[in-house]
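Here is a friendly walk through a two-chain model, element by element. Have the structure open beside you as you read.

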Amino acid sequence: MRAHPAATLLPLLGLAAFFLLWEAVPLSGLVNPAFLPPPSVLPAAFLREWHSGQWMAAIGGSLGHYVLGLAIGVGLGIAAGTVTGLFRTAEGLTAWVVRVLRPVPGLAWVPFAIIWFGVNPSAAVFIIAIGVFWIVYFASHGAIRGVDRDLLELADAFGFRSAPERLIKVVWPAAMPGILVGVRTALGQAWMAVVAAEIFGVPGLGQRMMQASTLLATDIVVVYMLTMALLYGLIDAAFTALQARVLQWRA
Amino acid sequence: MAGLIGIRGLALTFTRDGTQTKVLDGLDLDIASGEFLAIVGASGVGKSTLLRVIAGLVRPSEGTVTVSPPEPGRRSVALVFQDARLLPWRRILDNVAFGLEKLKLPRAERKRRAQAALARVGLADLAGRWPFQLSGGQRQRVALARALAVEPHVLLMDEPFSALDALTREALQDELVRLCRAAGQTVLFVTHDIEEAVYLADRVVVLAGAPGSIRATHTLDAPHPRDRTAPALQETAQRIRADLTLTDRVAG
Ligand SMILES: Nc1ncnc2c1ncn2[C@@H]1O[C@H](COP(=O)(O)OP(=O)(O)OP(=O)(O)O)[C@@H](O)[C@H]1O
Ligand SMILES: [Mg+2]
């Protein structure tokens, strides 16, 4: 697919308009600049963070939590979704357990994370993994339940009858589009979980954001908001490209 | 000729929600090596079920099904379905190689055999395409190549051409005759199309009744390639049609 020039230009135009409007609102006196720092003050705030070395340190810390938490949550989500998607007994056994645990918000796990892991990166990884787990679990479960039974019969007919063979030859490839949709949602959800995971003092973007906000340094808060947005944007764009490659077999 | 498949007193009963439905009953059938056997019967009589039993996908409720054991690198039977049933995430060549992956062959050998099978159905050029890029007829040829690749003793085909337009169907029938006759391939071909059965087969078995059983057997010895309009074929077709309507009246 070749993108139309207007199609690549339009989002940039929208972004420029967004920043212009954002600049105009506090400058016009409509809102106190302390409540909403205009974009023009952000470069200075960013440079202060950069020179103190805190920006890089925060990114390094958070990326570590993010990648590990995401990997664990996605891995366990796919594994659990596969088991309950394939076996009715497992689905039945877990039906109410899932209903009990699913609505618990990520923040509610914070005290447990501290008690179990202490105030250290493992606790942050745990919070992120839990936030991601459910999304991937439900996506995988649904995708695997929906695999065309005719394709399983085909595998049967050519002698692939053990569970691992069926998983590798048919079930996972067939469920891949649905699983990847879940993983993509998880990529965004995991950044939200990063903030929750770091507010209790594990070093990273979330912690820096909380420190700045208790000092009412709104410009720094916004610098970290945009940092997170940038990281999310890059990761999501890379993932979308990967997804398109993996799923090129779809019409 | 040695029998490749022997069926004795086969009966099959499905149980669903506590109610039992007998689909096949008292079926005896032998398939000889090199034979092209067609099975015709009305919809729901149990033709697909019979193929599933032979392919080992369903266990018989009564009776025995004996299938000649395969040599290494081959399968006893390979199934071609009514829909091509290709795996959409595999390129065409990898679809053809699907069954070979179970046969513990070296990778190079798998590739060679998949390429050869694809060439036999005339689609060597499409090896690198995705299934969605193929026409219905091409897809069905790939399904045929996938089955031929495992060099089955008996090729089982379940109404393989019924979803195709008349022109494509005839082209594929001719191709099947050419491929199977040349190689002495044994075929068990299920269809509800009487003209198709008499054009292709050495022997036509009429399946009828509820539960389904063998109602009649017709032998055709006209040499291939056959003339679709030959009186001998028309006459056998008439007799098969009579078998089917007769059993309808008996059943109703
Ligand atoms: N898994 C199953 N459970 C219960 N009943 C089944 C099952 N599979 C098939 N049947 C029933 O068995 C009978 C025979 O089905 P089958 O698919 O073998 O018919 P068929 O002769 O191939 O028909 P068609 O020409 O329409 O394909 C039908 O009445 C069908 O409803
Ligand atoms: Mg059928």
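Apart from neighbours within four places in sequence, the contacts of B:Arg203 include B:Leu29, B:Asp30, B:Ile31, B:Phe36, B:Thr217 and B:His218, where contact means heavy atoms within 4.5 Å.

A word on the ground rules: this is a predicted model, in which local features need pLDDT of at least 70 and side-chain atom pairs count only at pLDDT 80 or more, while totals for chains, interfaces and linings use all residues. Residues are numbered from 1 along each chain as its sequence is written, chains are lettered from A and ligands numbered from 1 in the order in which they are written, and side-chain values use heavy atoms, with hydrogens and water left out.

Which residues does B:Ala84 touch beyond its neighbours within four places in sequence? They are B:Arg139, B:Gln140, B:Ala143 and B:Arg146. B:Ala84 is found in the loop between β5 (77–80) and α2 (92–96) of chain B, and its relative accessibility of 10% means that it counts as buried. Its C-alpha atom is separated by 31 Å from that of B:Asp17, 67 residues away along the chain.

B:Asp17 itself lies in the loop between β1 (3–16) and β2 (19–32) of chain B. With a relative accessible area of 74%, B:Asp17 is exposed. Its phi is positive, near 50°, in a residue other than glycine. Most residues other than glycine have a negative phi, and most peptide bonds are trans.

Chain B also has cis peptide bonds to look at. One joins B:Ala210 and B:Pro211, with omega about 0°, and B:Pro211 sits in the loop between β8 and β9 (213–219). Another joins B:His224 and B:Pro225, with omega about -5°; B:Pro225 is found in the loop between β9 and α7 (231–251).

**Chain A and its helices**

Chain A holds 10 helices and 0 strands. Its C-alpha trace spans about 70 × 55 × 30 Å along its principal axes. Of its 251 residues, 42% count as buried. Among contacts between residues at least 6 apart in sequence, 72% join residues at least 24 apart.

The buried residues of α1(A) are A:Trp22, A:Glu23 and A:Pro26, and they pack against α2 (42–51) and α10 (218–246) of chain A. After α1(A) comes A:Gly29, with a positive phi near 85°.

Now for the helix pairs. Two packed helices are described by the angle between their axes and the distance between the axes. Axes are lines fitted to C-alpha atoms, for helices over the stretch in contact, and angles run from 0 to 180 degrees between N-to-C directions.

| Helix pair | Axis distance | Angle |
|---|---|---|
| α6(A) (121–145) and α8(A) (163–198) | within 7 Å | roughly 155° |
| α8(A) and α9(A) (205–214) | within 7 Å | roughly 60° |
| α3(A) (54–86) and α9(A) | 7 Å | about 130° |

α6(A) and α8(A) are therefore roughly antiparallel; angles under 35 degrees count as roughly parallel, over 145 as roughly antiparallel, 65 to 115 as roughly perpendicular and the rest as oblique. The residues of this contact of α6(A) with α8(A) divide into 20 nonpolar, 6 polar and no charged. Here Ala, Val, Leu, Ile, Met, Phe, Trp, Tyr, Cys and Pro count as nonpolar, Asp, Glu, Lys and Arg as charged, and the others, Gly among them, as polar.

The angle between α8(A) and α9(A), roughly 60°, makes α8(A) oblique to α9(A). A:Trp191, A:Val195 and A:Glu198 of α8(A) meet A:Leu205, A:Gly206, A:Gln207 and A:Met209 of α9(A).

Finally, A:Leu216 is found in the loop between α9 and α10 of chain A. A:Leu216 is exposed, with a relative accessible area of 68%, and has a positive phi of about 60° although it is not a glycine.

Definitions and conventions
Helix = DSSP H or I, 4+ residues; strand = E, 2+ residues; numbered from the N terminus. Buried < 20%, exposed > 50% of the residue type's maximum accessible area, 1.4 Å probe, protein only.
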